[in-house]
Amino acid sequence: MQKRENFASQFGLIMAAVGSAVGLGNIWRFSYIVGINGGGAFLVVYLLCVVLVGLPVLIAELTIGRSSGLSSVSAFQKLAPRSFWWIVGVMGVLAATTIGCYYPTVAGWSLGYVFESMFDWNALVGDTGAAFTEFSAGWKAIVFAAAALAVTVVVLLRGVTAGIERCSKLLMPMLGVIMVVLVVRSLTLPGAMEGVRFLFAPDFTKLTVGGFLDALGHSFYSLSLGMGVMITYSSYMKKDTDLPSATVSIVTMDTAIAILAGLAIFPAVFAMGLDPGEGAGLAFVTLPAAFASMPFGQIFSILFFLLVFIAALTSLISILQVPLALLEDRFHFSVKKGLAVVSAVVIVFGVPSVLSFGPLAGFTILGMDYFTLMDRLANDIFLPVAGLLGILFILFSFGVAASKREFLTGSKRESHFLATIYPFAIRFIAPAAIIVILLRAALSFAQG
Ligand code: PHE
């Protein structure tokens, strides 16, 4: 078997993990669910979910990956031989692959919108709703989704250090800079404060049960949890990696980027008198309309969609690395052969997702189009189930004490406040919260 690679530096691995966490979830998904859930109050609940549920599950996944030194399925087999815990890993791989089947669609939209903003600006902003429909239903959506996938494959071909780590070290700081430019632009528009108030001033009367639960699910999604991504990435971390500080960086940066994205989007939307509750089209329909009416809007539009594409790319890389690492670790595939298999699967199951906005728009399963089905399947079923089973694995097989010990191994300090609260959070708070998400999924399914 080939020697397994490791991330070369603490900075590099943090950028890779942050690159995975910061994605379409932070910009496209976060802004639209904040928008439909009425703003500030939702943000408060989301932040609570990140701290109370996301954080402990992240620690659990990082310790599983690093102590085994293997990717998802193999990690469970090594830590709990002759048991069935590896099924948890399989669920994670299924979740990652399911997300991998629709993520390139949206990544493709953002890449396409960089070019549309550059070369077809007038058509794009004439009627932004019609422009989006035309773009997402046509051949361009396929071409750009394929391009997004191709770039991802090229990075993965280069391996963990030269591909994933280098690319993340370059792109994540770039993302930070673009984000700051956009936030400054948005905040200096006349009327911007309305948007800031929408994002930060909590109005709890606007919060529904569904919104509360959306926040919980999204904290998982945004931190790339429950699908073996963090297990796989931490398996490339060396024993002297400082996990507590990596954990703090991942959670802080992921959350900060989501809030910054909110600050880039809502003030612009409000300043231009548009509706924040547009839904999934917020970034692609409402925002271009806001860009259209601001000075130098074309340039800000190009920057914004470039930002979304960078965020999507580093996440898509991590999503595909999960099945790829499984094929390498478990079945001893070479990177090339593994990538050929993974790409083939993603293409076969991903094409219908692109076409859901065009020829397959009328084709529904269980009342959902294919794209929505993939998103719901992953978010409502695979993620929470795999997350919950991962916690049970910590509680009943790996051991909370062993996980905590692994967490502190390599840290410069003897103890850390996260290590102190971790046992309680992973035993009680996180599992209780996930059970709530599952019940919600079951209920909404039952209600159709
Ligand atoms: N965390 C990513 C985001 O916020 C999404 C993601 C899902 C990444 C699954 C990896 C795996 O967009």
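**Figure 1. Helix H17 supplies the largest share of the lining of the largest pocket, six residues.** The model shown is predicted. The pocket has a volume of about 440 Å³. Its lining counts 22 residues, with Arg29, Tyr32, Ile33, Asp375 and Arg376 nearest the centre. Two or more lining residues come from each of helix H2 (24-36), helix H11 (209-222), helix H17 (370-398) and helix H19 (417-446). By class, the lining holds ten nonpolar, five polar and seven charged residues.

**Figure 2. The largest cavity holds about 120 Å³ of space.** The whole structure contains four cavities of 30 Å³ or more. In the largest cavity, 17 residues form the lining, and Ser20, Tyr103, Tyr221, Ser224 and Ile319 lie nearest the centre. Helix H1 (10-21), H2, H5, H11 and helix H15 (297-331) each give two or more residues to this lining. Nine lining residues are nonpolar, eight are polar and none is charged.

**Figure 3. The second largest cavity has a volume of about 100 Å³.** Closest to its centre, among 17 lining residues, are Glu61, Val88, Ile231, Ala386 and Gly390. Helix H3 (40-68), helix H4 (72-79), H5 and H17 each contribute two or more residues to the lining.

**Figure 4. Helix H7 (residues 128-137) buries Thr128, Ala131, Phe132, Phe135 and Ser136.** These residues sit on the same side of H7, because they cover an arc of only 115° around the axis. Their cover includes helix H5 (86-119), helix H6 (121-126), helix H8 (139-157), helix H14 (282-292) and helix H16 (335-355). At the start of H7, a side-chain oxygen of Asp127 comes within 3.1 Å of the backbone nitrogen of Gly129.

Conventions
Residues are numbered from 1 along each chain as its sequence is written. This is a predicted model: local features need pLDDT of at least 70, side-chain atom pairs count only at pLDDT 80 or more; totals for chains, interfaces and linings use all residues. Side-chain values use heavy atoms; hydrogens and water are left out. Buried means under 20% relative accessible area, exposed over 50%, partly exposed in between (1.4 Å probe, protein chains only). Helices (H or I, at least four residues) and strands (E, at least two) are DSSP runs, numbered from the N terminus. The arc is that of the directions from the helix axis to the C-beta atoms. Contact means heavy atoms within 4.5 Å. A polar contact is a pair of N or O atoms within 3.5 Å; within protein, one must be able to donate a hydrogen and the other to accept it, and residues adjacent in sequence count only if both atoms are side-chain atoms. On a 1 Å grid over the protein atoms alone, a cavity is a set of points where a 1.4 Å probe fits but cannot get out, and a pocket is an open set with protein on both sides within 12 Å along at least five of seven lines; lining residues have an atom within 4 Å of a point. Grid points are joined across faces, edges and corners, and a volume is the space filled by probe spheres set on the points. Ala, Val, Leu, Ile, Met, Phe, Trp, Tyr, Cys and Pro count as nonpolar, Asp, Glu, Lys and Arg as charged, and the others, Gly among them, as polar.
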